[in-house]
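Subject: Structure for your review

Dear colleague,

Please find below the structure that I am handing over to you. My notes on what was found in it follow directly after.

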Amino acid sequence: MKPKVYIDGKDGTTGLQIYDRLGARDDIGLLLIDEAKRKDPGERKRLMAEADIVFLCLPDAAAVEAVALAEGSGARMIDASTAHRTAPGWVYGFPELRPGQREAIAGARYVANPGCHATGFISIVAPLVQAGLLSADADLCCFSLTGYSGGGKKMIAQYEAAEKAESLYSPGLYGLTQAHKHLPEMQKICGLDIPPVFCPIVDDYYKGMAVTVMLQNSMLKGNPTAKDIHEALAAHYDGKKVIKVHPFGYEDPMIAAGTMAGKDSMELVVNGHEGQTIITALFDNLGKGASGAAVENMNLMLGFEMTAGLALETPPAGSPASARSERT
């Protein structure tokens, strides 16, 4: 029998993206709620009880309420909100994090899907901490460029309005109080004593991310070169299907933040020399940064091939998937 999947909050940006990835699959059964009842607790509870996997694509408070609503149902959950990313009893949904993480996700009842900015930062920093190159008390800085789709329906509407605000035509820095909601997971999952100084930036393009960490190599143990740091990251991700490390250096003098738009994979780019290193994680904020990661976790939990239903290569121009990726 096909496993049954219910998306609680399907009409949000993340929910629609998950639905888009699952809709054409014949190895699962999607449970769909009547539009007139999508906020009905009783109907949602019924569908959760019927499902093998429930995706929570809800605001934080609503996600906490949904977990309580499903209590006693036995449904396994993947929460795309911020609510449970550092909560006890929840497995962090980043399969490439460390040895054994895939197995932990596969056997978990509750999985917290990572935040988009956090995904990029953790992909860079966690392997360096685990390799013993970065100490837990390292003072780190990170900036992260994202397309406006990461802000959800309200932000999308603002950027796509016929007469949008003049300020939206240029990059916007935010999170300036250093209280961004992704910081707790960035610190905890990497095993850092203090959170990084973090500057997220949203710009006037739909999707794609470039999360960058800059290092003075003297702050790392053994004073490694940029090439050494590249080799450490390459070793960590060796054989991984979703995250790849680009050959050392970058052929183009400019990296476009939308390079991986339309893909569910990630690429790490390492540049620098003996004294300084700059590392950029390139991915789609709606792919590996949200819905693609959620499907990756679902596949592990249901015993499927981890990459089933994911777009790891750019769809051919003019294909249905390519057309969807332009505006989804």
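In these notes, a residue is called buried when its relative accessible area is under 20%. Please bear in mind throughout that the model is predicted.

I begin with helix α7, which spans residues 183-190 and whose buried residues are Leu183, Glu185, Met186, Ile189 and Cys190. These buried residues pack against three elements, namely β5 (91-92), α5 (116-130) and β9 (197-203). Just after the helix, Gly191 adopts a positive phi of about 75°.

Glu185 may be of interest to you, as a glutamate located in helix α7. Its relative accessibility is 2%, and therefore Glu185 counts as buried, the limit being 20%. Beyond its neighbours within four places in sequence, Glu185 is in contact with Arg85, Thr86, Tyr92, Pro114, Gly115, Ala118, Ile122 and Cys190.

In one of them, six strands follow the order β2-β1-β3-β4-β6-β5, and the pairing is parallel. Its edge strands, β2 (29-31) and β5, each pair on one side only. Within this sheet, strand β1 (residues 4-8) and strand β3 (residues 53-56) are joined in the parallel sense by four bridges, and Val5 stands opposite Ile53 of β3. Helix α1 (residues 13-22) lies across β1, β2 and β3, and runs at about 155° to β1.

The other open sheet has seven strands in the order β8-β9-β7-β10-β13-β12-β11, with mixed pairing. At its edges stand β8 (172-173) and β11 (243-245); each has a single partner strand, so one side of each is left without a neighbour in the sheet. Helix α8 (residues 226-236) packs on this sheet and touches β10, β11, β12 (266-272) and β13 (276-283). The direction of α8 makes about 160° with that of β12.

Strand β7 (residues 141-147) contains Ser144. Which strand pairs with β7 in the antiparallel sense over five bridges? That strand is β10 (residues 209-216), and within β10 the bridge partner of Ser144 is Val211. Ser144 has a relative accessible area of 0%, and is therefore buried. Setting aside neighbours within four places in sequence, the contacts of Ser144 are His117, Phe198, Cys199, Pro200, Ile201, Met209, Ala210 and Val211.

Tyr148 and Tyr159 form a stacked pair, with 4.7 Å from centre to centre and 5° between the planes. Tyr148 lies in the loop between β7 and α6 (152-160), whereas Tyr159 lies in helix α6, eleven residues apart. Tyr148 has a relative accessible area of 6% and is therefore buried; Tyr159, with a relative accessible area of 6%, is buried as well.

Why is the pair of Tyr148 and Tyr206 described as edge-to-face? The ring centres are 5.5 Å apart and the planes stand at 85°, so the pair is edge-to-face, given that this term applies to planes over 60 degrees apart. Tyr206 is in the loop between β9 and β10 and Tyr148 in the loop between β7 and α6, so the pair ties together parts that are 58 residues apart in sequence. Both Tyr148 and Tyr206 are buried. Tyr148, Tyr159 and Tyr206 together form one aromatic cluster.

Finally, two lysines sit over aromatic rings. Lys10 lies over the face of Tyr19, at 4.7 Å from the ring centre. The charged end of Lys288 is placed over the ring of Phe94, 4.9 Å from its centre.

Yours sincerely

Methods: Residues numbered from 1 in each chain as written. Predicted model: local features only at pLDDT ≥ 70, side-chain atom pairs only at ≥ 80, totals over all residues. Heavy atoms only, no water. Buried < 20%, exposed > 50% of the residue type's maximum accessible area, 1.4 Å probe, protein only. Helix = DSSP H or I, 4+ residues; strand = E, 2+ residues; numbered from the N terminus. Contact = heavy atoms within 4.5 Å. Pairing = 2+ DSSP bridges. Axes fitted to C-alpha atoms, helices over the stretch in contact; angles between N-to-C directions. Phe/Tyr/Trp six-rings, centres within 6.5 Å; stacked < 30°, edge-to-face > 60°. Lys NZ or Arg CZ within 6 Å of the ring centre and 35° of its normal.
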